[in-house]
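This report goes through the local geometry of one chain. The sequence and coordinates come first, then the notes.

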Amino acid sequence: MEKIKVILVEPMEEPKVVEIPDSLEALQKTVGGTIQAVYPWEDPVAIVCADEGKLLHFPPNRMLEDYDVLVGTFLITGLGEDNFASLTEDLIGKYTEKFRWPEAFMRNEEGIFCLRLTDDGIEVYPL
């Protein structure tokens, strides 16, 4: 079976470039359930995550821009004509850096906050 090169992003871990079989079953096994794909950027990439991750209380993983939180393990894949595809080296570099820093989330009386670990310490973002 053909494989595709994707970025694997697990909670509290740095992203990893991995090759997975190009199949629905492999995508589902990797993210822990039925999948959904979201396309938040103009680049030919998709975020593939568990469709019911929030309902099943998967752990928070990363902020998606400034409007949502991705939960559980997710993948960033390239897009082909009809299916997911391997990422180019340029896109691997761009999205590995974008999701480089693990994030944690906390709630207090003022709301929910994202804590991002960086080389310089911890950055705090309100949601």
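## Asn61 and its surroundings

A polar atom of the Asn61 side chain lies 3.0 Å from the backbone oxygen of Val9. The backbone oxygen of Gly72 lies 2.8 Å from a polar atom of the Asn61 side chain. A polar contact here is a pair of N or O atoms within 3.5 Å; within protein, one must be able to donate a hydrogen and the other to accept it, and residues adjacent in sequence count only if both atoms are side-chain atoms. Asn61 belongs to strand β5, residues 60–64. Helices (H or I, at least four residues) and strands (E, at least two) are DSSP runs, numbered from the N terminus.

With a relative accessibility of 0%, Asn61 counts as buried. Buried means under 20% relative accessible area, exposed over 50%, and partly exposed in between, with a 1.4 Å probe and protein chains only. Leaving aside neighbours within four places in sequence, Asn61 is in contact with several residues, among them Val9, Glu10, Pro11, Gly72, Phe74, Glu103 and Phe105. Contact means heavy atoms within 4.5 Å.

## Basis and confidence

This is a predicted model, in which local features need pLDDT of at least 70 and side-chain atom pairs count only at pLDDT 80 or more, while totals for chains, interfaces and linings use all residues. Residues are numbered from 1 along each chain as its sequence is written, and side-chain values use heavy atoms, with hydrogens and water left out.

The pLDDT is the predictor's confidence in each residue, from 0 to 100. Its mean over the protein chain is 92, and 100% of the residues reach 70 or more. Confidence is lowest in β10, at a mean of 83, and highest in strand β7 (residues 74–79), at 98.

Two strands pair if DSSP finds at least two bridges between them. Pro60 stands opposite Val71 in β6. The hairpin has 3 residues between its strands, and Glu65 in the turn has a positive phi of about 50 degrees.

## The β9-β10-β11 sheet

β9, β10 and β11 form an open sheet of 3 strands in that order, with antiparallel pairing. β9 and β11 (121–126) stand at the edges and have a single partner strand each, so one side of each is left without a neighbour in the sheet. Neighbouring strands of this sheet are turned by 30 degrees against each other on average, direction ignored. The axes are lines fitted to C-alpha atoms, for helices over the stretch in contact, and angles run from 0 to 180 degrees between N-to-C directions.

Strand β9 (residues 103–108) pairs with strand β10 (residues 111–118) over 6 bridges, and a hairpin of 2 residues joins them. Arg107 has Ile112 of β10 as its bridge partner. Another 6 bridges join β10 to β11, where Cys114 stands opposite Tyr125.

## Helix α1

Helix α1 (residues 24–31) has Ala26, Leu27 and Val31 as its buried residues. They cover an arc of only 120 degrees around the axis, which puts them on the same side of α1; the arc is that of the directions from the helix axis to the C-beta atoms. Glu25 and Lys29, on the other side of α1, are exposed.

The buried residues of α1 pack against β2, β3 (35–38), β4, β7 and β8 (84–85). Just after the helix, Gly32 takes a positive phi of about 90 degrees.

Val18 lies in strand β2 (residues 16–21) and, at 23% relative accessibility, counts as partly exposed. Its C-alpha atom is separated by 6.2 Å from that of Ile7, 11 residues apart along the chain. Not counting residues up to four places away in sequence, Val18 touches Ile4, Lys5, Val6 and Leu8.

Most residues other than glycine have a negative phi. Met12, in the loop between β1 (3–9) and β2, has a positive phi of about 60 degrees although it is not a glycine. Met12 counts as partly exposed, at 42% relative accessibility. His57 also has a positive phi, near 60 degrees, and is found in the loop between β4 (45–50) and β5. His57 is exposed, with a relative accessible area of 69%.
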